[in-house]
Amino acid sequence: MLKKQLKNKKGQALVEMALVLPIFLLVVIGIIDFGMALHCWSSLNHQCVQAARLASKRSNQLIARNVHLPTTHTPLSKVQEVFWESRSPIMKESDYDEINWSATGIGNDQDSVTISASYNMTIMTPFIAQLVSSGNANNGTIKLSASATEKKE
């Protein structure tokens, strides 16, 4: 009699695990997705800040402080180089979207610099990916955006 009761308990535990395990795995993968999204957004923000900081630095200290000429500050090519050097290894270059260097104050007489960019991150969690992509052709991607503004020296 006791043996039969133990056998039924083992079957009950197996059924409970079969019911709870998929939900548990979705929660764990969802937590991983949230962590990756936070990391990607933080990395994108860091890239914009680093690029804006470099673009705002004065490269020619001999010209008056209130003059902002194309030759007094860092050129756009160096700013772009710093932006890409600050990229996280888990973020693919092909997933970047709308990097805005135009009208940022780089190489002109504006008194501030603004760098903005967005990144398309693919979500791993199946149900959340379907919710995010409903009505979109994005197939489970979310768009993360960041921007940084610095006053020129």
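Me: Before we start, what counts as a nonpolar core here?
Reply: A nonpolar core is a set of buried Ala, Val, Leu, Ile, Met, Phe, Trp, Tyr and Cys residues joined through side-chain atoms within 4.5 Å. Note that this is a predicted model.

Me: OK. How many residues has the largest nonpolar core?
Reply: The largest nonpolar core has 21 residues. Those with the most contacts inside it are Leu44, Cys48, Phe83, Ile115, Tyr119 and Met121.

Me: Which elements give two or more residues to this core?
Reply: Helix H1 (2-56), helix H2 (76-85), S2 and S3 do. H1 supplies the largest share, seven residues.

Me: What is Cys48 in contact with, leaving aside its neighbours within four places in sequence?
Reply: Phe83, Ile115, Ser116, Ala117, Ala146, Ser147 and Ala148.

Me: Switching to the strands. How do S2 and S3 pair?
Reply: They are antiparallel, with 11 bridges between S2 and strand S3 (residues 141-151). One of the pairs is Ser112 with Lys151 in S3.

Me: And how many bridges join S1 to S2?
Reply: Three, between strand S1 (residues 96-100) and strand S2 (residues 112-122), again antiparallel. Asn100 has Ser116 as its bridge partner in S2.

Me: What pattern does the chain follow along the sequence?
Reply: α-α-β-β-α-β. That is three helices and three strands.

Me: What share of the residues is buried?
Reply: 29% of the 153 residues count as buried. The chain exposes about 10100 Å², and carbon and sulfur atoms supply 61% of that.

Me: Last one. Among contacts between residues at least 6 apart in sequence, what share join residues at least 24 apart?
Reply: 65% of them.

Definitions and conventions: Residues are numbered from 1 along each chain as its sequence is written. This is a predicted model: local features need pLDDT of at least 70, side-chain atom pairs count only at pLDDT 80 or more; totals for chains, interfaces and linings use all residues. Side-chain values use heavy atoms; hydrogens and water are left out. Two strands pair if DSSP finds at least two bridges between them. Helices (H or I, at least four residues) and strands (E, at least two) are DSSP runs, numbered from the N terminus. Buried means under 20% relative accessible area, exposed over 50%, partly exposed in between (1.4 Å probe, protein chains only). Contact means heavy atoms within 4.5 Å. Accessible areas come from the Shrake-Rupley method with a 1.4 Å probe; for residues, only the protein chains shown count as cover.
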